[in-house]
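Please look at the sequence and the model shown here. The paragraphs that follow go through it step by step.

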Amino acid sequence: VKVRFAGFRLVPELGGFGPRDLFFFLVRGTGVATRMETMEASRMEESTSGSNGAALGKEAEDLDHIETKNFSATEYLNKLFPNEESLSGLPEFLVKLRRRIRKVNDEILVAVRQQSQTGSRAKEDLAQAQNGIEDLSGRITEIKVKAEQSETKVQEICRDIKKLDYAKRHLTNTITAFRRLSMLMSAIQNLQEVSDKRDYRETANLMEAVNQLASHFESFSQIPKVCELRGQLSAIKSGLRATIFDDFIYATAKEEIPPETLEKLTHACRVVEAIDLHVKDELVSRICNKEMSAYQQIFSTNEAPSTKLEKTDRRYTWMKKLLTRKQPFWDVFPKSWEVSSLLCTSFCKITKAHLSETLDSMRDNPDVANLLKALHWTLDFEKELNLMAGGGEISLYEGG
């Protein structure tokens with residue numbers, strides 16, 4: 001790029017110049033600047049208002065292009081001074097440029113001062129923040145120490161409270177145990193009295209209470225007093241078992257049982273359940289054996305096999321009479337015991353054994369007519385038994 005003015009030629013490479021480079025180039029860099037200053041002194045006295053001077057003044061006022069990122073000094077100068085005539089506006093442009101430089105310098109100075117003050121203030125704020133952090137750290141440490149001390153005191157207090165709580169719990173358990181022991185002693189004494197009178201109603205109530213109280217002392221079996229009471233209770237249960245068995249066996253031997261005896265036996269069943277479950281099973285077994293012993297004595301004869309088959313119907317009739325004649329007695333037992341069903345099962349087992357023995361003896365000379373009759377009677381009896389058993393199946397062929 002070439003710039004021509006004032007009758008001589010200057011060919012500098014102006015590409016990449018910034019605002020400061022432009023200033024030094026225009027003011028100090030060459031002899032052309034001196035010539036410009038001379039021309040500026042003579043032209044300042046003239047008042048030219050031509051079209052070129054007006055355009056130059058308009059362009060000179062727009063100095064914001066110097067601060068743009070893609071500023072090119074060569075293009076900018078060529079635009080401002082396209083010919084020698086345009087150099088008339090150079091002094092004015094220089095004045096504005098110097099004014100802009102002074103303004104930028106002032107702004108830089110103000111910014112530097114503000115930055116210095118901001119740095120000092122930042123240091124003060126940082127120091128205050130550090131002091132605050134140290135103070136806060138000290139307070140946190142103090143709070144932590146106090147918290148540890150409080151935790152230690154709380155643990156000591158809780159330890160004492162736990163000791164008192166354990167003492168209270170043990171004392172409460174001891175008092176409760178003594179009360180129950182006193183109640184157990186009184187209940188066993190009353191149980192002994194009512195059992196001697198065979199008052200099974202009160203005996204059943206007291207037996208249930210005694211069993212409940214005695215269950216609390218299962219872990220105290222090594223204490224002599226508890227062992228003594230358990231021994232007394234076992235003796236009372238053994239005595240009740242014997243007396244109740246005697247009362248039931250005696251009642252089975254009677255054809256008619258008075259209502260008061262039936263009521264007494266009903267409460268006796270409750271006593272049996274309170275004593276132990278195996279006592280219940282033993283009582284039912286004895287009653288069934290007692291009734292079936294009479295049955296065996298009646299039908300275990302040395303008659304001919306055909307005669308025994310003819311009496312098959314009598315066996316079933318005897319069993320149905322036994323169930324109907326002693327129906328009040330069978331009602332004494334709780335339904336859960338299923339005494340009638342167990343009695344029928346025992347009868348079927350014994351009958352099966354008798355009939356099997358009879359049929360074995362008739363194997364060589366079977367009596368078909370009597371066999372068909374016995375089979376018909378047996379099927380009818382099984383149907384009646386199943387109805388009495390409430391839908392349960394009882395069969396002579398399966399042995400009960």
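The model is a predicted one. Glutamate 338 sits in the loop between H12 and H13. Its phi is positive, about 55 degrees, although the residue is not a glycine. Most residues other than glycine have a negative phi.

Arginine 198 is another non-glycine residue with a positive phi, here about 60 degrees. Its place is the loop between helix H5 (90-196) and H6. With a relative accessible area of 33%, arginine 198 is partly exposed.

Phenylalanine 217 also belongs to a loop, the one between helix H6 (200-214) and H7. Is phenylalanine 217 buried or exposed? Its relative accessibility is 6%, so phenylalanine 217 counts as buried. Leaving aside residues up to four places away in sequence, phenylalanine 217 touches Ala177, Arg180, Leu181, Leu184, Val226 and Arg230. Cysteine 227 is ten residues from phenylalanine 217 in sequence, and the C-alpha atoms of the two are 9.6 Å apart.

Now the chain as a whole. The protein chain holds 14 helices and two strands. It has 400 residues, of which 30% count as buried. Among contacts with a separation of 6 or more, 73% join residues 24 or more positions apart.

Helix H13 covers residues 339-361. How far apart should the ends of its 23 residues be? At 1.5 Å a residue the span should be 33 Å, and the end C-alpha atoms of H13 are 34 Å apart, which agrees. The buried residues of H13 are Val339, Leu343, Cys344, Thr345, Phe347, Cys348, Ile350, Thr351, His354, Leu355 and Thr358. An α-helix has 3.6 residues a turn, so residues three or four places apart point the same way. The buried residues of H13 pack against helix H9 (277-299), helix H10 (305-310), helix H11 (312-325), helix H12 (327-330) and helix H14 (368-388).

Two of these partners can be followed further. Two packed helices are described by the angle between their axes and the distance between the axes. For H11 and H13, the axes come within 12 Å and cross at roughly 165 degrees. That angle makes H11 roughly antiparallel to H13, since angles over 145 degrees count as such. The crossing of H11 and H13 is right-handed. On the H11 side the contact is made by Thr312, Arg315, Tyr316, Trp318, Met319, Leu322 and Leu323, and on the H13 side by Leu343, Cys344, Phe347, Thr351, His354 and Leu355. Sorted by type, the residues in this contact of H11 with H13 are nine nonpolar, three polar and one charged.

The other partner is H9. It has 23 residues and reaches 33 Å from its first C-alpha to its last, close to the 33 Å expected at 1.5 Å a residue. Its buried residues are Val279, Lys280, Leu283, Val284, Ile287, Cys288, Glu291, Met292, Tyr295 and Phe299, and they pack against H7, H8, H11, H12 and H13. The axes of H9 and H13 are 10 Å apart, at an angle of about 40 degrees. H9 and H13 are therefore oblique to each other. H9 passes H13 in a right-handed crossing. The contact joins Val284, Cys288, Glu291, Met292, Tyr295 and Gln296 of H9 to Val339, Leu342, Leu343, Ser346, Phe347, Ile350, Thr351 and His354 of H13. Its residues divide into nine nonpolar, four polar and one charged. Leu343, Phe347, Thr351 and His354 of H13 are listed in the contact with H11 and again in the contact with H9.

H7 and H8, which the buried residues of H9 pack against, also meet each other. Helix H7 spans residues 224-252 and helix H8 residues 259-275; their axes come within 10 Å and cross at roughly 145 degrees. The crossing of H7 and H8 is left-handed. In H7, the residues Lys237, Leu240, Arg241, Ile244, Asp247, Phe248 and Ala251 meet Lys264, Leu265, Ala268, Cys269, Val271, Val272 and Ile275 in H8. The contact of H7 with H8 has ten nonpolar residues, no polar ones and four charged ones.

How values were computed
Residues are numbered from 1 along each chain as its sequence is written. This is a predicted model: local features need pLDDT of at least 70, side-chain atom pairs count only at pLDDT 80 or more; totals for chains, interfaces and linings use all residues. Side-chain values use heavy atoms; hydrogens and water are left out. Helices (H or I, at least four residues) and strands (E, at least two) are DSSP runs, numbered from the N terminus. The expected span of a helix is 1.5 Å times one less than its number of residues. Buried means under 20% relative accessible area, exposed over 50%, partly exposed in between (1.4 Å probe, protein chains only). Contact means heavy atoms within 4.5 Å. Axes are lines fitted to C-alpha atoms, for helices over the stretch in contact, and angles run from 0 to 180 degrees between N-to-C directions. Angles under 35 degrees count as roughly parallel, over 145 as roughly antiparallel, 65 to 115 as roughly perpendicular and the rest as oblique. A crossing is left-handed if the near helix is turned anticlockwise from the far one by less than a right angle, and right-handed if clockwise. Ala, Val, Leu, Ile, Met, Phe, Trp, Tyr, Cys and Pro count as nonpolar, Asp, Glu, Lys and Arg as charged, and the others, Gly among them, as polar.
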